[in-house]
Each structure stands twice: as C-alpha cells, then as structure tokens.
Amino acid sequence: MNFTNSVNVSVETTCESQIQEISYDGTEIYQPPPSLSETLAKCAAKIDFSKTSLDDLKKEEKTTAEDNDKDTTLFQPSLWPWDSVRNKLNDALTEICVLADVLSIAKDKRYLVLDPVPEEPEETKPIVQVYSRKKALGQAAQILLSGAERLRNSHTEQRTRNVADFHIELLRLRQNWRLKKVGNSNSIIGDLSYRTAGSKFGMSGTFEVTKAEETIDEEPSTSLSATGGGGNNNGLLNPSPKNSSALRVIVPAELQGVAYFKVITQKDQEDLCTAIVNLVGHGPNITQQGYGVWQKTIEDAQNVLFCKELFSQLAREAIQIQAPIPHVVIGNQIRATLLPGIQLIVSLCHSTTVDNSQPTPINDHDHDHVLEHSLHQLLREVHHKNSHHPFPHPASGPLGPSKKRMLAGPLAADRQTVLDMTKAQTILEQIIAQAQHIFMRKRTQYVLDTLARDVKDPQIVSHWNGMSKPTMSCVKINIVTHGYDTIYRTSLMIHVHERSLKVICRDGRVMYLSYEPQELRDLILCQINSHQISCLINLARCMAWPVISNSNHLGIGKVEPLGNASSCLLASPNSDRMIAVQIRCTQSQMDIKVYIARSPRHDFFPSPLVPEKFWENLGGHFKEVRFDKIEGKSFLNKIEFLMASLNSNAS
C-alpha cells in the first residue's frame, strides 16, 4: 500500500445545532447547545441506582465469563465512567439517613436520653466572697459619694451665683472652637489652627481647657490664662486682678503675646508711609458679648498663629522668586524693591511681654484695613487650593489640569491664552503688585492735583472710578474752559497699572507711559496746549472769523523746553483784520502770544516794481498785543473781547 499519496482526514462531530423549528417562511430556528449544568444533569439521569454496589457488578461479570466456553483470554470490561459518582452519592445518602435517625432519637427522647456529665463542685471559701463583695460595694459607694459632692457643689454655685457655671461656659466655648476630650481623663484639648481650612503649617495650634479652682485668684503671666483679658489696650493684654471665669485656657508658649505686621515703604532712607496690620482689636468685640474672658486669650493666640503662618509663606516665596533685584529675608523682616529707589519692608512683630508704661505702636490711624483684607483673602486662596484639587474629566484622565486647561481644546484657545493659564502669582508677588499700584495711583493723583493747582486756565477736572481692581484704577480727565465748556472739551482716560500708565485720548490714540511722573505731566501740558487751539478754532467759527491756518507743531522760533508750539491764524469777517496766536508749553504755565495786523496797509506806497494799489490789501506787519492787559478771566474770554473790539473798529 502506497502512503505517499495519502490524505489526512479528520473525523469530527458536526458543529451545527439541531433544528428546533422551521417557520412558515422557511427560517430555521436552531436549538442552542446544552450548557455544562444541563450536560451534567443529562449524564446523572443515566445512573442506575437499582444496583447496590460494585461487588454485585463484579459477580455478574464473573458468571457471564464462566458461561463462555471459548478459549480466549478472560477480559474484564472497563467500568462505567459515572460509577464512582454513583457510589459517593449512595454513601452520602446512607450518612444522611443515619443523621436523621440520630436527630429523631434525640428530639423525641423515646429511645435515648442525653444527660450532661456532672462536674465536681469547686470549693468556695466564704471569706473570699465577703471580701470581694465588700470591695465592690466600697467602689460603688465612692462613685456615689463623688457624684453627690459634685451635685452639692453645683447647687451651692447656683445659689450663690458668685462663680460662673463651668458647663455653660464650656458650651459657649464649644460653639466657637473645636474641642475634644482626650482619653479617660477629664482634660479637654482644643484646636485653633487653620488645618480644617486647608492649611499645611507645621506649628501646633492646640490649647488646653481646664476648670478654674476657687482657691486660684490669679494665674501667672506665663500660662496666659483667661485672667489676661480685662481690657483691650489696642490688641495687647492687660492683667486682671481677679479671675471671674470658670474656665482656664492654657495656650502654648510660642503662641503667647500679641503679633502684628508692620509694613513700611522707604525712599532713600525716608519713610513714605507706614501701615500696621493687627488682626485683633479692630473687629466686633466678642469678649463683651457674653462669651467670657477666655475668648480674648484664644483670639490672641490664633492671631499669633496666623501671623507666623503668613510670614513663613511670604519668606518662602521671597526666596523662591527670581526678581531682577533679589528680595532679602533677614530674621523677621522681608525687603522687596517696588520701584527704583523705593523699597517695601514687611516686618513681623511678636511681643510676649506687656508694659503699660510705654505706649503701644498700634492705633487706628496706622491700621490698614485694605491690606489686612488682602492678606486674609490671599492666604485663604492658598488654603483653598491645598484642599480643593480639580477632578479629572473623564475619571480615568490624569490628575492635575484645571478646568480651564481642559476646556482649552474644545474652545480653541491660542498659545498665549494657554500660557496665561499656567502662570500664577504668589502672595508676595500680589502684595508687591498692589503696593506698586498704590504708589502709581498716588503719583498720578499728585501730578493731577499739582497741575490743577498751578494751571488756572483751563480747568482740569479728574473723576476717579470708585469700582476698581487691586492692581488697576481708572481716572477720567476733562479739560474745560470756564464759561466755554459747551464749545469744546478735551477728555482723557488713564488706566493706572502696577508700573505703567495707559492713556486713551479722545481721538482714539493709545499711549503707554512709564512710572516716571514727569511723562504724565508733559502729556497733560501738551493736551492743554492742544485744547486751547481747538477751543480758539471753535470760538472763531462762532464769531464768524474764518480760520486761515492752524498747526499743533509749529516748526519756527526757538526750541521749546517741552513739546512743540501751536499756532493759529484768524481773519475778520471783512478780511481787514488778522489775529495770530502762538502758544508754547512751559514747566508751570502756558506762554501765550497774540499778534494783530491791519488791511489795507497804511504804509503802502506804489513803486515801479509794485505799481498796483490792490497790493495794499495784503496786510501790514504783525504787532504784538499785550495780552495780559486785556480784560477777561480766561484765554478764550480775552480773545473774544479782542475779536469784538476789532470788529467794532472796522465798522
């Protein structure tokens, strides 16, 4: 037989399921294959439980083998595959039957009774029992006596009303501060830190609350108990001669005393302004609202903790920030440069001793409520960022990007917008920016007030916007002439930023100025110059004087110290008079010169070169007018009188 051309044939069962139903349209509905449980049930149904055991099956096989007379080797067929399963189920059935018989015997108690084996009784000594009972009764009596003593003391306190109730004050203390009982003892621990708000400052803010004993009249100053809250003294504690509170509050040594911030701005070793930020003593006095003298102690301790946490944050940021002029941190003092020659000094003052003979440096005049609010708000923002992290969307995304950055893609944000999202200012940077803005605003106010005082004509009116940002303010400047404000007015809008000014003119021009006040002064003077020329042109139109020419940048004459000279040339309605006005800017006022000319000329004589007489209508030489001697309160008023007089002379 040749195996070279053989083909492997695989014999397998068909994978097609049996047809269960054929619908009228010819669709065949197949029966799904049986699951493992259904297959197991089908195989278990084939078990013949009539045969008792494997021995009977072997006997039957032996008898059938003896009947065969064939000379073949005896062959024992293989057992049934599910024979072991049947045997185990049969054994389990036998055991369950036996267990059922045992339970029926124990339950009915007709065939068998179950009695426990008696144990030998222990020998008890009556003396030991008496001693143990006596000890237990003594402990119970001690508890009852201590409770009765406390009740007697509480009733006595309620009758006398000389000592405040401990539990009432403890309830009031718990309404404002977090308290907890430690262990099985009666010690109560409180927490005055900002950890629940998101603070990560390492200093402990725990304090201990105990009941004040009647024998203690005064606590030492080192414990800083509730005896030190008698008077306000601008935020400092005054010792009280008697403790009138049932509570005694003990704070840690590092939180005792009074702490405040002292902010100084210096220019060439000269203090420009000083501000004191003291978080205690400037709000509503909670101590006088029935909360007890311990409230002042805890408020002072929390104030010290707040100041130390804030100064630690500012010092850490001052070291990390890479400024053009590096910030300096020495001890409890931070030095930062606001503008060239101007420094910001932030000092932390912490006093643990009280001397009533010396006046305290804290008063309401130096206290800066705006700076205090900014410090509270900025530190609260840091706490909020520490405890509120943006959740990823979707939940499987990375943790960290903010909601604005996640929406940058769907909103098609540009590169500059995405870069602005990644930038964040620290507390120190925002405080420096606010201080720079305050200086820029004061400089702008000083320049505008000085010009309004020195320049009488025209009038400079400034309108500061009441709604502003911490680092930007707006001022609108109107330059008008008294009595002629309906003819023309010049408007300016100035945006005051941290280190620059943005000026928006009436015609839409935008100019950016630096922090130098001289640039703003020069700009206002130039605007005054342009205002005078514009008002003169409008007045001439009202008086029917045609404008021959005008220029805001006159290129003749001597060099002006500031800006450019402006000029305007007017003619009378009969063209027999001409007025030339020249305005130059100076450092403090406007230099105005007025010239007039007549037509026809009186000194015209015909010549061989100019024989015609109509050349005399060109006008004569301009003569300067003593403008300061003309009647009038303002420049436009004098020009109006001059125009009227020239018209009357011509008529």
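Me: Why is Leu192 called buried?
Reply: This is a predicted model, in which local features need pLDDT of at least 70, side-chain atom pairs count only at pLDDT 80 or more, and totals for chains, interfaces and linings use all residues. Buried means under 20% relative accessible area, exposed over 50%, and partly exposed in between, with a 1.4 Å probe and protein chains only. Leu192 has 1% relative accessibility, so it counts as buried. Residues are numbered from 1 along each chain as its sequence is written, and side-chain values use heavy atoms, with hydrogens and water left out.

Me: Where is Leu192 found?
Reply: Leu192 sits in the loop between β4 (188-191) and β5 (206-211). Strands (E, at least two residues) and helices (H or I, at least four) are DSSP runs, numbered from the N terminus.

Me: Which residues does Leu192 touch, not counting residues up to four places away in sequence?
Reply: Contact means heavy atoms within 4.5 Å. Among those that Leu192 touches are Trp177, Phe207, Leu255, Ile298 and Leu305.

Me: What makes a set of residues a nonpolar core?
Reply: Its members are buried Ala, Val, Leu, Ile, Met, Phe, Trp, Tyr and Cys residues, joined through side-chain atoms within 4.5 Å. The largest one here has 48 residues. Leu192 is one of those that touch the most other members, a group including Phe207, Ile298 and Leu310. Helix α6 (residues 294-320) gives the most to this core, with 12 residues. Another core, of 46 residues, lies apart from it, with Val455 and Phe627 among them.

Me: How do you know that β12 and β13 pair?
Reply: Two strands pair if DSSP finds at least two bridges between them. β12 and β13 (residues 473-480) have 6 bridges, in the antiparallel sense. Val461 stands opposite Asn478 in β13.

Me: Why are β12 and β16 called edge strands?
Reply: β12 (459-464) and β16 (510-513) each pair on one side only. They belong to an open sheet of 5 strands, ordered β12-β13-β14-β15-β16, with antiparallel pairing.

Me: Which helix lies across β12, β13, β14 and β15?
Reply: Helix α10 (residues 427-454) does, running at about 155 degrees to β12. Axes are lines fitted to C-alpha atoms, for helices over the stretch in contact, and angles run from 0 to 180 degrees between N-to-C directions.

Me: What is the predictor's confidence in the chain?
Reply: pLDDT gives that confidence for each residue, from 0 to 100. The chain averages 78, and 75% of the residues score at least 70. Over residues 69-78 the pLDDT is below 50.
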